[in-house]
Amino acid sequence: MEAAAVPRSAAICRAAPAVPAARALALPRRARSASVAAAPAPRRLVLAARRAADGDSVETAPEAVPIEKRFPPFPSVMDINQIREILPHRFPFLLVDRVIEYKAGEYAVGIKNVTINDNFFPGHFPERPIMPGVLMVEAMAQVGGLVMLQPEVGGSRDNFFFAGIDKVRFRKPVIAGDTLIMRMTLTKYQKRFGLAKMEGKAYVGGDLVCEGEFLLVSATE
């Protein structure tokens, strides 16, 4: 007895047997190329296609942005006028240009733009301008004063002085053209005696250049 003939449409719909993994490598080059082309596109290409579809230029990639436009400015929590209202220092000894982060009673982050026009460079040193380490410590202390003299900590915006420094280390020289970023953190405050103990770290371009422990005392005139 003869088997019934299978309709041609059913034969077409019948699933093709799976190709074993071992035989996948033996596929013709044209077949392998087709399978590679069907693979998902890299994420960067997908994002580029989406930007193009949204009307954005593909040339906005970071490497296409001019170097002068890649770096955002420092934030300004306190500008130089606000700093002058708190600190008693004036030219040529005011060594904080801006406060870029501040948390009352805890810490402050300030910056000092070091330029060849600073009055200490002609003598330190004429052939190799380097910011004196004692002035780096002074600049850090002034940032600490911005924390210490605030009313939130019990400060009264009076004068303040060094009572001691400890464990100060200078890691790298600071030269003209650098931006000194200083973080001063209040670790202990004795309101009765007006004493503040702080930890300080100073950076240039992310590199630690100076660190130490500071003891400051406030005093009325």
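How many residues lie between strand 4 and strand 5 in their hairpin, and which turn residue has a positive phi? Four residues separate the two strands, and glycine 194 in the turn has a positive phi of about 70°. This is a predicted model.

**Overall make-up**

The protein has six helices and six strands. Read from the N terminus, the order is α-α-α-α-α-β-β-α-β-β-β-β. Of the 221 residues in the protein, 29% are buried. The exposed surface comes to about 15,000 Å², with 57% of it supplied by carbon and sulfur atoms. Among contacts with a separation of 6 or more, 61% join residues 24 or more positions apart.

**Strands 4, 5 and 6**

Strand 5 covers residues 195–204. Strand 4 (residues 179–190) pairs with strand 5 in the antiparallel sense. Strand 6 (residues 207–219) also pairs with strand 5 in the antiparallel sense.

| Strand pair | Bridges | Residues between strands | Glycine with positive phi |
|---|---|---|---|
| Strand 4 and strand 5 | nine bridges | four residues | glycine 194, about 70° |
| Strand 5 and strand 6 | 10 bridges | two residues | glycine 205, near 60° |

Leucine 195 has a partner in each pairing. Glutamine 190 has leucine 195 as its bridge partner in strand 5. Leucine 195 also stands opposite valine 217 in strand 6.

**The largest pocket**

The largest pocket holds about 180 Å³ of space. It is lined by 13 residues, and those closest to its centre are Phe91, Pro92, Leu94, Lys112 and Asp118. The lining divides into six nonpolar, three polar and four charged residues.

**Aspartate 118**

Where does aspartate 118 sit? Its place is in the loop between strand 2 (107–113) and helix 6 (133–148). Is aspartate 118 buried or exposed? Aspartate 118 counts as buried because its relative accessibility is 12%, and the cut-off for buried is under 20%. Neighbours within four places in sequence aside, aspartate 118 is in contact with Lys112 and Asn113. Lys112 is itself among the residues closest to the centre of the largest pocket.

Key:
Residues numbered from 1 in each chain as written. Predicted model: local features only at pLDDT ≥ 70, side-chain atom pairs only at ≥ 80, totals over all residues. Heavy atoms only, no water. 1 Å grid on protein atoms, 1.4 Å probe; cavity = no way out; pocket = protein on both sides within 12 Å on 5 of 7 lines; lining within 4 Å. Points joined across faces, edges and corners; volume = space filled by probe spheres on them. Nonpolar A, V, L, I, M, F, W, Y, C, P; charged D, E, K, R; others polar. Buried < 20%, exposed > 50% of the residue type's maximum accessible area, 1.4 Å probe, protein only. Contact = heavy atoms within 4.5 Å. Areas by Shrake-Rupley, 256 points an atom, 1.4 Å probe, with all protein chains shown as cover. Pairing = 2+ DSSP bridges.
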